[in-house]
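Here is a short tour of a protein model, written for someone who is just getting started. Keep the structure in view and find each spot as you read.

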Amino acid sequence: DAPIPNQYSLGHIWEEGDWISKVILISLAIMSAGTWYIFFTKWIEQQRLLSQATQVEKKFWTSATLNEGVDKLPKTSVFRAIAEAGLKASQGGTTLVGLSDWIGMTLTRQLEDANARLQGGIAFLGSVGSVSPFVGLLGTVMGILNALIAIGVSGQASIDRVAGPVGEALIMTALGLGVAVPAVLLYNYLIRRNKMITEKLRAFAGDLQAYLISKSK
């Protein structure tokens, strides 16, 4: 006897579903893949910044001079970029802005640039967490609609007529939630780590500003 096909598998939905079902499946797959890709890339970036913060505590502030401390930091370090900008600003203000304010403005711009890079891509996770349940809901609606059409065509609400479409509707619901829940959890996780990194950057910039101002007096 030929094996009975599983009406509740993704393969069956792909083979038997209409173009709307396939578009929904592709959309959910893209959102899921994008979620995990962004999570791992941002997590690696955050780990690198946390490592740089540790280097600042061990190497920068233990140096004899500020220039020596800057040289000890990796050239790719965000903290080094902030320190170099602060050093350059401390060499003189402008005719419109005093030295203290000029240093503060320069460090603030560096912090804003660093924060913008930290936030890049994370908004995608929030969007996926908000949108994917509705994409799955659209698949649910289409599955129920197909079940009603099957009932209308056959003239009877038998299980064998509606099992496939109803199964498709339930699977679409589960897929939408399966994409949304990780996206929301990962979004919140990355946001918490970003806040921790931002606080470290602000503390470093604040200490650096205080040191540069005290040396300029």
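## A loop residue: glutamine 91

Glutamine 91 sits in the loop between α4 and α5, where α5 covers residues 99–119. Helices here are DSSP runs of H or I with at least four residues, strands are runs of E with at least two, and both are numbered from the N terminus. Glutamine 91 counts as exposed because its relative accessibility is 70%. The cut-offs go like this: buried means under 20% relative accessible area, exposed means over 50%, and partly exposed is in between (1.4 Å probe, protein chains only).

How far apart are the C-alpha atoms of glutamine 91 and isoleucine 103? They are separated by 9.4 Å, and the two residues are 12 residues apart along the chain.

## What kind of model this is

This is a predicted model, so to speak of a local feature takes a pLDDT of at least 70, side-chain atom pairs count only at pLDDT 80 or more, and totals for chains, interfaces and linings use all residues. Residues are numbered from 1 along each chain as its sequence is written, and side-chain values use heavy atoms, with hydrogens and water left out.

## The overall picture

The protein has 7 helices and 0 strands. Walk along from the N terminus and the elements read α-α-α-α-α-α-α.

Of its 217 residues, 39% count as buried. The protein exposes about 12500 Å², and carbon and sulfur atoms supply 63% of that area. Accessible areas come from the Shrake-Rupley method with a 1.4 Å probe, and for residues only the protein chains shown count as cover. Now take the contacts (heavy atoms within 4.5 Å). Among those in the protein with a separation of 6 or more, 74% link residues 24 or more positions apart.

Helix α2 (residues 19–60) packs with helix α4 (residues 78–89) at an angle of about 55°, and their axes are 8 Å apart. The axes are lines fitted to C-alpha atoms, for helices over the stretch in contact, and angles run from 0 to 180 degrees between N-to-C directions. α2 and α4 are therefore oblique to each other. Which residues make the contact? From α2 come Leu49, Gln52, Ala53, Val56 and Phe60, and from α4 come Val78, Phe79 and Ala83.

As for the wording, angles under 35 degrees count as roughly parallel, over 145 as roughly antiparallel, 65 to 115 as roughly perpendicular, and the rest as oblique.

## Salt bridges

How many salt bridges does the structure hold? There are 4. A salt bridge is a side-chain nitrogen of Lys or Arg within 4 Å of a carboxyl oxygen of Asp or Glu. One of them joins lysine 42 and glutamate 45, whose closest N and O atoms are 2.9 Å apart. Both residues lie in helix α2, 3 residues apart, about one turn of the helix. Lysine 42 is buried because its relative accessibility is 6%, and glutamate 45 is buried too, at 18%. Glutamate 45 also touches Arg117 and Leu118, leaving aside residues up to four places away in sequence. Leucine 118 is 73 residues from glutamate 45 in sequence, yet their C-alpha atoms are 8.2 Å apart in space.

Another salt bridge pairs glutamate 68 with lysine 72 (3.4 Å, N to O). Why are these two separated by about one helical turn? Because they are 4 residues apart in helix α3 (residues 66–72). Glutamate 68 is partly exposed at 33%, and lysine 72 is partly exposed at 36%. Glutamate 84 and arginine 80 meet in a salt bridge as well (2.9 Å, N to O), and they are 4 residues apart in helix α4. Glutamate 84 counts as partly exposed, at 38%, whereas arginine 80 counts as buried, at 11%.

## Along helix α6

Leucine 137 lies in helix α6 (residues 122–154) and is partly exposed, with a relative accessible area of 45%. Together, Phe134, Leu137 and Val141 make a nonpolar surface patch of about 310 Å². Patches are made of residues with over 30% relative accessible area and no salt bridge; like charges are joined within 9 Å, and nonpolar side chains (Val, Leu, Ile, Met, Phe, Trp, Tyr) within 5 Å.

Is threonine 140 buried or exposed? Threonine 140, also in helix α6, counts as buried because its relative accessibility is 11%. Not counting residues up to four places away in sequence, threonine 140 touches Ala169, Met172 and Thr173.
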